[in-house]
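Trainee: Could we go through this model by its helices and strands?

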Amino acid sequence: MSESKVKLTRSFQDFFTVVLANTPELRSKVYQVRYRVYCDEFGYEPVEQFPNQEETDEYDGYSLHCLIMHKKSGLPAGCVRMVPAYDLDGQHHLLPLEAHCGESLDQERIDEMNLDRHTVCEISRLAVDRVFRRRTGEELTRFGEIESLDVSKQEQRTFSLIAISAFLAATAMTDLSGKTNVFAMMEPFLPRLMKRSGIDFQKAGFDMDYRGIRAPYFIQTQSALTHMQEDLRDLYDWIYSQMAEQYKESLI
């Protein structure tokens, strides 16, 4: 593990916090990030469908949500959710990728896995707010110019870890909840990126055009944790420790 990677992951801990969005106020921030990314920026969902500027769907009510917050500005930087196949009341649901991308699934292969549906989930709605993705001075945003965040060069470098940290937070949610057989609908670059970090998603179907070319992937939580590079495991352990107490409180 290089010293620069250690320094970067530790710097991320200085500049950001990762929380379980377990209150209406925090979930509202999650939905606002999703609106800005999925509706306003990329047009995946119609803006007129969400006049309150919060993008939500039928899966949110029984999903776990995570929010990454920028400490200095107080702005939400990113979010992700974990959608279980069974909710807390024991009711079964189709995963989003089953409902919307079922034709892309290699159902024969998935059936051979013989998964307990009570342990199955999907990671979805991973989003990084555009103010944390733009180069300094590139454009005006709804928060003003990015320079208004008044961040150092080192702090800007940590912005590249927001998406990775969101995935690690989702992994923590699968670990905490026991939903350890994990599916995700991803663009090809993301599993390649994760594989370089030791996290090897396996393709569970076929490419399809769904908001760009995407395919279903599968991983077991323990596999991700076992093969995760040391620098990311350090970051994961920090994220897990932040979320564990919040998860316990949410069950009370």
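**Helices and strands**

Mentor: Helix α2 (residues 24-41) has 18 residues and spans 24 Å from its first C-alpha to its last, close to the 26 Å expected at 1.5 Å a residue. Helices (H or I, at least four residues) and strands (E, at least two) are DSSP runs, numbered from the N terminus, and the expected span is 1.5 Å times one less than the number of residues. This is a predicted model, where local features need pLDDT of at least 70, side-chain atom pairs count only at pLDDT 80 or more, and totals for chains, interfaces and linings use all residues. Residues are numbered from 1 along each chain as its sequence is written, and side-chain values use heavy atoms, with hydrogens and water left out.

Trainee: At which residue does α2 bend?

Mentor: The bend at a residue is the angle between axes fitted to the seven residues ending there and the seven starting there. For α2 the angle is about 30 degrees, and the residue is Tyr35.

Trainee: Why is α6 largely enclosed by the rest of the structure?

Mentor: Buried means under 20% relative accessible area, exposed over 50%, partly exposed in between (1.4 Å probe, protein chains only). Helix α6 covers residues 162-177. It is largely enclosed because its buried residues number 14 of the 16.

Trainee: Which residue in β10 stands opposite Phe183?

Mentor: Two strands pair if DSSP finds at least two bridges between them. Strand β7 (residues 181-186) runs antiparallel to β10, with six bridges joining them. The β10 residue opposite Phe183 is Phe218.
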